[in-house]
Amino acid sequence: MENRAIVIGGSIAGLLTAQVLRRWFSEVLIIDRDQLSGPVTHRKGTPQSKHAHGLLARGLKVIEELVPGYSAELIARGAVSADLLGDVLWYNDGHLVRRGPSDLDGLMASRPLIESTLRDLVTVQPEVKVLDGVAVTGLLARGDRLTGVRTEDGEYAASLVVDASGRSNRGEAWLAELGYAAAPEDVVKAGLMYSTRQYRHDPEAQDFTGVISGHYPANPVGCGVGANENNTWLVTLVGFTDDPPPALPGAFEDYAARLDGPELHRMVSKADPLGDPVRFRIGPSVRRRYENCERLPEGFVATGDSLCCFNPAYGQGMTIAALTAQWLGECLEKSSDDLTKRYFRGAAKLVGPAWELSTSADLRFPHVEGKRSTMQKVLNGYISYLHRAAEKDPVVGLQFLRVANLLAGPQSLLAPKIVWRVVRGQFRPAG
Ligand SMILES: Cc1cc2nc3c(=O)[nH]c(=O)nc-3n(C[C@H](O)[C@H](O)[C@H](O)COP(=O)(O)OP(=O)(O)OC[C@H]3O[C@@H](n4cnc5c(N)ncnc54)[C@H](O)[C@@H]3O)c2cc1C
């Protein structure tokens with residue numbers, strides 16, 4: 001059998017998967033339709049890259065385990081390190097999480113820098129080869145086993161094919177061409193719009209390096225903001241499509257006045273902009289349930305956004321890409337038999353909690369389409385009390401951030417010591 005794996009898509013998920021697969025295959029061929037070499041800049045295949053990207057603490061930790069030295073290299077290239085509780089303003093349901101020192105380390109950088117640093121470290125490995133500027137157009141199979149891919153350029157043989165081609169992936173259509181039924185999907189349509197503007201960052205002017213403000217029914221305007229390399233701020237405003245954040249200078253800054261807390265509006269009103277705002281319409285959150293497929297070809301794996309794309313406001317995508325890449329390695333460590341089924345079953349357990357966390361928050365908005373459960377309503381009610389308590393109690397805030405950073409499960413918010421603090425927080429004065 002061919003000792004080559006093919007990874008379709010050379011973005012974050014594809015690179016992390018290639019890094020794992022190089023231990024098991026003499027060649028790992030990454031095929032991307034974009035040109036990947038060249039300057040650190042935006043490219044067509046990752047249109048999200050103009051918008052603020054934060055790496056959750058869990059994601060950074062796992063990437064470091066998979067690609068040792070990644071964090072140091074990112075910092076050397078200009079990424080800004082942050083204590084996620086001490087240096088970042090988090091507004092949840094209008095409550096500012098009480099700041100304080102923590103062990104939650106984060107790095108802030110533009111998406112092109114995050115990706116290009118990873119690419120440089122992964123593609124230097126002798127087993128990893130890159131075929132760029134070539135689109136994959138289909139899958140090849142013999143019986144119930146994949147044997148490679150078809151591209152605009154010809155056919156390439158492989159015994160494992162990983163679909164890491166992102167939100168706009170064609171995996172379902174390619175499998176259908178081979179006679180496989182589509183995977184069941186969970187879909188939540190939030191209907192969000194992002195608008196992003198870059199500013200010059202004067203580190204003396206603020207005592208924070210990031211602002212995250214979650215949207216919620218009483219205020220559907222949110223933001224994700226980080227200090228990036230080269231003394232810049234990347235400011236992303238989030239709103240629904242019926243009242244979207246504007247892409248016009250001036251109107252963009254006015255919209256920021258609608259955020260909870262005055263800090264970001266104050267900052268964008270004074271900082272020097274570096275270009276005009278740019279907009280991005282966010283598609284639905286889609287979770288493909290390959291684990292529930294009756295038939296799948298052996299040798300097929302999907303990862304990153306092609307497996308599950310989230311509402312990006314919760315910053316989970318790159319972390320899930322890292323976790324599923326790591327899981328694929330664990331599957332291979334055991335055996336290559338029955339890999340497809342074992343991988344999808346375990347990947348579902350990694351994706352599930354992140355999916356619940358982000359979709360439950362979105363489903364609080366009555367117009368958002370998706371399945372609601374009574375349990376979600378009860379938990380959302382409790383979490384709104386928790387946010388109020390986190391304004392005064394850093395222990396509660398830190399536990400929430402651990403969950404939001406996928407370092408702890410949502411059930412940890414129901415531990416007796418947290419519940420007690422949440423109850424006490426409803427009565428305790430701030431300060
Ligand atoms: C606006 C926005 C903001 C986000 N912010 C965050 C954040 O703060 N934190 C976070 O963790 N995540 C965030 N995400 C999600 C994050 O960008 C993705 O989860 C992450 O990049 C992993 O994506 P991926 O590698 O699976 O796919 P992508 O990054 O979408 O890459 C897919 C790759 O496949 C290639 N490709 C596609 N089709 C083909 C084909 N037929 N043949 C060959 N190549 C192909 C493309 O060129 C591209 O390189 C955000 C997403 C959006 C939309």
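Predicted model: local features only at pLDDT ≥ 70, side-chain atom pairs only at ≥ 80, totals over all residues.
**His-51**

His-51 is buried, at 3% relative accessible area. The cut-off for buried is under 20%, so the call holds. I then placed the residue: His-51 sits in the loop between strand S2 and helix H2 (57-66).

Next I listed what touches it, skipping neighbours within four places in sequence. His-51 is in contact with Tyr-194, Thr-196, Leu-234, Thr-236, Val-278, Arg-279 and Phe-280.

**His-367, the other histidine I checked**

Is His-367 buried, partly exposed or exposed? I found 46% relative accessibility, and His-367 counts as partly exposed. Its place is the loop between helices H9 and H10. Beyond four places in sequence, I noted contacts of His-367 with Ala-190 and Phe-240. I also took one distance.

**Domains**

I wrote down the division of the chain. Domain 1 covers 4-45 + 117-187 + 286-358, domain 2 covers 192-282, and domain 3 covers 374-425. The centres of domain 2 and domain 3, over C-alpha atoms, are separated by 27 Å.

**Nonpolar cores**

Which residues have the most contacts inside the largest nonpolar core? They are Leu-21 and Tyr-290, in a core of 85 residues. Helix H8 (residues 317-334) gives the most to this core, with nine residues. I checked the domains too: domain 1 and domain 2 each supply at least three residues to this core. Apart from it lies another core, of 43 residues, including Leu-89, Leu-104, Cys-223 and Ala-390.

I went back to Leu-21. Leaving aside neighbours within four places in sequence, Leu-21 is in contact with Ala-5, Val-7, Val-28, Leu-160, Val-162, Leu-328 and Leu-332.

**Ligand**

I counted 35 residues around the ligand. Ser-11, Asp-32, Gly-54, Arg-111 and Asp-305 come nearest. Then I asked which elements build the shell. Helix H1 (12-21), strand S2 (27-32), strand S17 (278-282) and helix H8 each supply at least two residues.

- A polar backbone atom of Gly-54 is 2.7 Å from a ligand nitrogen.
- A polar backbone atom of Val-136 is 2.9 Å from a ligand nitrogen.
- A polar backbone atom of Gly-317 is 3.4 Å from a ligand oxygen.

How much of the ligand's accessible area does the protein cover? It covers 96% of the 1000 Å² that the ligand has on its own.

**Helix H11**

Last, I went through helix H11 (residues 394-404). Why is H11 largely enclosed by the rest of the structure? Because eight of its eleven residues are buried. I listed them: Val-396, Gly-397, Leu-398, Gln-399, Phe-400, Leu-401, Val-403 and Ala-404. The buried residues of H11 pack against strand S4 (88-92), helix H9 (339-362), helix H10 (374-390) and helix H12 (416-425).

I checked both ends of the helix. Asp-393 caps the N-terminal end of H11, with a side-chain oxygen 3.0 Å from the backbone nitrogen of Val-395. Just after H11, Leu-406 takes a positive phi of about 60°.

Notes. Residues numbered from 1 in each chain as written. Heavy atoms only, no water. Core = buried A, V, L, I, M, F, W, Y, C linked by side-chain atoms within 4.5 Å. Buried < 20%, exposed > 50% of the residue type's maximum accessible area, 1.4 Å probe, protein only. Helix = DSSP H or I, 4+ residues; strand = E, 2+ residues; numbered from the N terminus. Domains from an automatic or database assignment. Contact = heavy atoms within 4.5 Å. Near = heavy atom within 4 Å. Polar contact = N/O pair within 3.5 Å; in protein donor to acceptor, adjacent residues only side chain to side chain. Areas by Shrake-Rupley, 256 points an atom, 1.4 Å probe, with all protein chains shown as cover.
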